[in-house]
Amino acid sequence: DQSRLCSSCHTLITQTVDLSGNLTGGEFVEQATYHEYLNSSFPANNIKCQTCHMPQLGDPVVIANGFIALQPRFPFNQHVFAGANYFMLNLIKNNKTRLGVDVEDGRFDSTIQATTANLMLSSVDMSVTFDSAVSDTGFFRVRLQNKAGHKFPSGYPARRAVLQFVILDAIGDTVFKSGIFDSNARVVGENPAFETHHDFISQSDIPQIYELVMGDVNSNFTSVLERAAVLLKDNRLPPLGFTTNHFAYDTVQISADALADPDFNKVGITEGTGADEVHYHVPMPNVNGPVRVYARLFYQPVPPKWLDEMFQLSSAEIDTFRTMYNAADKDPLKILEDSLSLNITGVKQISTVQEALVFPTITTNGRVTARVGKGTQILHIKMYDMNGRQILDLNPVGGKEEITFNFTGTAGTYFVRVRSTAGEWTRKILKRN
């Protein structure tokens, strides 16, 4: 009943080959679920892999049929092995005869049910929050908390989770959308190479995707395991207690884009939250009245993009799998949803005449200058952090075209709202240590 028993199958390091199939001498950590578990708070709390994937019966049990005289055993772990790949379970079930699988449908159905229940109930918690509406922008946050004892998603690198964020107005028209799927189960707006990790999203059709992305010897995306040479992205949600100074971190690294996110697995400089917050800055010009906000998390064990590279090739095995895959239900599984009903007021279209400048766009000392067009005057300056919280409210005296001011705050992104006699604008600046 020790977690290390799982490590031999759930730790896989591949030998890298180049595009011609020649060994390079390099290695790539294709999956390291056991190492992810080690780099978590679960071992210290005596929570084992078997706790979730082989749940323990509460009473002693005779483990053989027809031998009632046997001594009942306790503890006994049920051999459920519920993971996350509901898609392949369905595919195998629907192609049993062709694959030579002699298992009744009922056993597939019970395992599929346990798998989807594991995804929906034991993987992630999610909440959506409305922070504020400033000028022509609404500020929202979606928080994801990993509940698993390893990264989410984990295991085979095809697996990924897509965060969907949608706002509808009172008559059901779309105000904003991110993480939408097309009819072929592909994510609308996804970068053809790979989608980087996002701390904040301010445009429709820019998705947040939690995944591991492999690169070949030329650092181009690949889904061929033997070609994997470099880590292009890994923003999968770490488990609670995960840190970058753990002895196993070299096999379970977070990519630089997610490490740069100030609230990815950390609060301030303290690591190990196992959470991430995605900040949505939604353009809402002239939106006044009721809106409905939806946040949903979808899971894709075998997304179409993962198979594009393999399906360029042809062999008996590939062709057979292509036929099975094309006939399968590829719709992603919605595992979480949260929503808000709001009444948005006071949001207006910003004027583009005599635009304001705010500089420098990157500051280390918190000293910033705002300047408006010649012949106009600055009337009001407000400043907000990434969560939409106001941190500065400045009413200049005498009406000036240029004002320099100082602000205090931790490293991160801030927004300056400048109102002048010609209009109102919001500008973004970055503070670094």
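Reader: In which loop is Pro 75 found?
Author: This is a predicted model, in which local features need pLDDT of at least 70 and side-chain atom pairs count only at pLDDT 80 or more, while totals for chains, interfaces and linings use all residues. Residues are numbered from 1 along each chain as its sequence is written, and side-chain values use heavy atoms, with hydrogens and water left out. Helices (H or I, at least four residues) and strands (E, at least two) are DSSP runs numbered from the N terminus. In these terms, Pro 75 is found in the loop between α2 (49–53) and α3.

Reader: What is omega for the cis peptide bond that joins Phe 74 and Pro 75?
Author: Most peptide bonds are trans. Phe 74 and Pro 75, however, are joined by a cis peptide bond, with an omega of about 0 degrees.

Reader: At what angle do the axes of α3 and α8 cross?
Author: The axes are lines fitted to C-alpha atoms over the stretch in contact, and angles run from 0 to 180 degrees between N-to-C directions. For α3 (residues 86–94) and α8 (residues 316–327), the axes come within 10 Å and cross at roughly 105 degrees. Since 65 to 115 degrees counts as roughly perpendicular, this makes α3 roughly perpendicular to α8.

Reader: Which residues of α8 make the contact with α3?
Author: Contact means heavy atoms within 4.5 Å, and on the α3 side it is made by Phe 87, Met 88 and Leu 91. On the α8 side the contact is made by Phe 321, Met 324 and Tyr 325.

Reader: Is Asn 265 buried or exposed?
Author: Asn 265 is found in the loop between α6 (256–259) and β11 (266–267), and has a positive phi of about 60 degrees although it is not a glycine. At 3% relative accessibility, Asn 265 counts as buried.

How values were computed:
Angles under 35 degrees count as roughly parallel, over 145 as roughly antiparallel, 65 to 115 as roughly perpendicular and the rest as oblique. Buried means under 20% relative accessible area, exposed over 50%, partly exposed in between (1.4 Å probe, protein chains only).
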